[in-house]
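This report goes through one protein chain, starting with its overall make-up and ending with single contacts.

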Amino acid sequence: MKILILCTGNSCRSQMAHSFLQAFDPNLQVFSAGTHPAGQVNPWAIEVMAEVGIDISHHTPTDVEVYRNEPWDYVITVCDHARESCPLFSGQVRHRLHIGIEDPAEATGSPEAIRATFVTARDQIRDRFARFYLTEILGKDLPRCACEI
């Protein structure tokens, strides 16, 4: 199973989602990319992921262009901008999904407030991608909510 997680900067949400999916199932081939990749992974994302035992300090943002010609089982956008500007893939894409998460990188205020925003985003990503993994990958029937995955 080959999965691409796509957002704008590939510095927060997509990196966290990528890492959670890989932690759920090391046999998945999970990649992440950005439509306009940042220069580095956001330090707050690295910190809050380390708190749950996942090291993303070695990750680097990647341009989606690297992956456009490859086949994918899933291309999943995690931000509205990437969803709207998602490039066409010349390789086969079996499923396109949107699992929208507010961008924690836009948080302002005290370090405590910014950290709390990143923790909230991390927990939402973990929960929503766990639901995706259980329902889409493992095919388990779970109660559905009215929201998107």
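## Basis

This is a predicted model, in which local features need pLDDT of at least 70 and side-chain atom pairs count only at pLDDT 80 or more, while totals for chains, interfaces and linings use all residues. Residues are numbered from 1 along each chain as its sequence is written, and side-chain values use heavy atoms, with hydrogens and water left out.

## Chain overview

The chain has 4 helices and 4 strands. Helices (H or I, at least four residues) and strands (E, at least two) are DSSP runs, numbered from the N terminus. Along the sequence their pattern is β-α-β-α-β-α-β-α.

Of the 149 residues in the chain, 46% are buried; buried means under 20% relative accessible area, exposed over 50%, and partly exposed in between (1.4 Å probe, protein chains only). The accessible surface is about 7,500 Å², with 49% belonging to carbon and sulfur atoms; the areas come from the Shrake-Rupley method with a 1.4 Å probe, and for residues only the protein chains shown count as cover. Among contacts (heavy atoms within 4.5 Å) with a separation of 6 or more, 65% are between residues 24 or more positions apart.

## Strand 1

Strand 1 (residues 2-7) is largely enclosed by the rest of the structure, because 6 of its 6 residues are buried. Lys 2, Leu 4 and Leu 6 point one way, Ile 3, Ile 5 and Cys 7 point the other way, and all are buried. In a regular strand, side chains alternate between the two faces of the sheet.

Strand 1 runs parallel to strand 2 (residues 29-34), and 6 bridges join them; two strands pair if DSSP finds at least two bridges between them. Val 30 in strand 2 is the bridge partner of Ile 3.

## Helix 2 against helix 4

The axes of helix 2 (residues 43-50) and helix 4 (residues 111-137) come within 9 Å and cross at roughly 65°. Axes are lines fitted to C-alpha atoms, for helices over the stretch in contact, with angles from 0 to 180 degrees between N-to-C directions. Residues making the contact include Trp 44 and Met 49 of helix 2, and Ile 114 and Phe 118 of helix 4.

## Ile 125

Ile 125 is found in helix 4 and counts as buried because its relative accessibility is 0%. Leaving aside neighbours within four places in sequence, Ile 125 is in contact with Arg 13, Met 16, Ala 17, Phe 20, Ile 101 and Ala 130. The C-alpha atoms of Ile 125 and Ala 17 are separated by 6.0 Å, with the two residues 108 apart along the chain.
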